[in-house]
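Hi there,

Here is the structure I promised to pass on.

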Amino acid sequence: MRSLFLVGMSFLAVGCGDIIDPTLEAASIEVDGTVVQSIDITLSGNNVFSEPVDPDAVIILGYNEPIDNGTAQDHIYIENTAGEAIDATVALQLTNVVITPTASMASENHTIRVESGIDDASGNTTETAVDITFFVSAD
């Protein structure tokens with residue numbers, strides 16, 4: 001009887017999903033399908049790409065687990081120097097969020113805003129916002 005109880009509890013625990021909040025771990029800049037810059041994300045410091053970014057670059061955010069597409073689209077965006085959101089698509093690829101601007105980005109500073117409130121597949125939610133800064137240069 002004890003064995004049956006333990007097996008039953010194992011199935012119950014698996015069915016509940018994970019209890020870990022999704023964590024943004026890394027960000028990359030991709031140009032023509034090739035990663036040209038990457039940074040590890042810190043929650044207590046500056047997240048800055050050190051080299052200028054191509055105006056047609058794609059930004060990839062790497063999470064520790066799959067996240068919910070709807071909350072990612074609602075809470076991740078790029079702002080220009082004036083603080084205006086630029087048009088971009090936000091799509092999921094496994095544990096990555098791929099941000100693709102719909103037009104070439106202007107040569108200026110930009111910030112990727114990753115707000116709190118992003119859910120994973122089990123309903124756990126991020127509680128910390130992250131900003132990632134980069135400079136776009138056409139050179």
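Below is what turned up in the sheet, around one threonine and in the pocket.

First, the ground rules. This is a predicted model, with local features needing pLDDT of at least 70 and side-chain atom pairs counting only at pLDDT 80 or more, while totals for chains, interfaces and linings use all residues. Residues are numbered from 1 along each chain as its sequence is written, and side-chain values use heavy atoms, with hydrogens and water left out.

Three strands form an open sheet in the order β4-β7-β8, with antiparallel pairing (strands are DSSP E runs of at least two residues, helices H or I runs of at least four, numbered from the N terminus; strands pair if DSSP finds at least two bridges between them). Because β4 (76-79) and β8 (130-135) each have a single partner strand, one side of each is left without a neighbour in the sheet. Four bridges join β4 to β7 (residues 109-114), and Tyr-77 stands opposite Arg-113 in β7.

Thr-71 belongs to helix α2 (residues 69-75). Its relative accessible area is 12%, so Thr-71 is buried (under 20%, with a 1.4 Å probe and protein chains only). Leaving out residues up to four places away in sequence, Thr-71 touches Gly-117, Ile-118 and Asp-119 (heavy atoms within 4.5 Å). Thr-71 and Ile-118 are 47 residues apart in sequence, yet 5.1 Å apart in space, C-alpha to C-alpha.

Finally, the largest pocket holds about 170 Å³ of space (a pocket is an open set of points on a 1 Å grid over the protein atoms alone where a 1.4 Å probe fits, with protein on both sides within 12 Å along at least five of seven lines; lining residues have an atom within 4 Å of a point; points are joined across faces, edges and corners, and the volume is the space filled by probe spheres set on them). Its lining has 13 residues, with Pro-22, Thr-23, Leu-43, Thr-126 and Thr-128 nearest the centre.

Best wishes

Terms used:
Buried means under 20% relative accessible area, exposed over 50%, partly exposed in between (1.4 Å probe, protein chains only).
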